[in-house]
Amino acid sequence: MNSDKTSKRRNAQIDLKPLVPFAQGANRYCFQHPENRDRCLKVIRPENIKARYNRQSPLKRLLGKARLNDNSQELKAHMQPAIRRLIQAEKESTLWAHLPRFYGSIETSLGHANESELIRCADGTVAPTLESFVRNGELSNQLQKAIKRFEAWLAQTRILTRNLLPHNLVVTDRSGQPELFLVDGLGAPTIPQALAVVPGWSDRYIARKLARFHKRMLWEQSNEGLSWKDFQRLR
């Protein structure tokens, strides 16, 4: 395709106003790209950024609102050293084994959107969250093996994430077996990311995130009626 035409297409504003998001979180709406069913457009919910900012202490407000913008943080997260190293080493098959392919930012009628691969199942449906399997008591042996493969990939690549939450992981069977993809929560806060250059620090950071993930999974399966905060304190 002519590069000028490609550039014009990416610079043209995509109209999302007539569309209904297929998913939404506290901070973003997720739309299927109207011109490509295999891509997802994540759009910020600005009213939630304002509400989060207003709830913070005066000291934290000095840090500004940009750090509350999940799209901006996701763009930075894809620039982390571990990801850059894999791309430079031409190991993109490893990189995207458990991450949706990422295409950067694009302009829409609802503001800037982050464009990424939309993970689907073999039957074409949008991949469900790991949370949905856990809450329905559907943690099969195959799915447990998929979780272990995801954890091994994270430890191997040393890609930094925030807290791993079951609703930020989706499960697809498109390869013939269950596999997990991290669709939200990529990247680490500024200070932990800066410390990633210290030998062994990334390994310890990831080990802590995985330990917390294991505890979160136990809580999701628990029938004790405890809040997540109380469950962490008692366990």
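User: What share of the contacts in the chain, with a separation of 6 or more, comes from residues 24 or more positions apart?

Analyst: A contact means heavy atoms within 4.5 Å. In this predicted model, residues 24 or more positions apart account for 59% of the contacts with a separation of 6 or more. Residues are numbered from 1 along each chain as its sequence is written. Local features need pLDDT of at least 70 and side-chain atom pairs pLDDT 80 or more, while totals for chains, interfaces and linings use all residues; side-chain values use heavy atoms, without hydrogens and water.

User: How many bridges join strand S6 and S7, and in which sense do they pair?

Analyst: Two strands pair if DSSP finds at least two bridges between them. S6 (residues 169–172) and S7 are antiparallel, with four bridges; in one of them, Leu169 partners Leu182 of S7.

User: Are the faces of S7 covered or open?

Analyst: Buried means under 20% relative accessible area, exposed over 50%, and partly exposed in between (1.4 Å probe, protein chains only). Both faces of S7 (residues 179–182) are covered, with Glu179 and Phe181 buried on one side and Leu180 and Leu182 buried on the other. Across the chain, buried residues make up 40% of the 235 residues.

Technical notes:
Helices (H or I, at least four residues) and strands (E, at least two) are DSSP runs, numbered from the N terminus.
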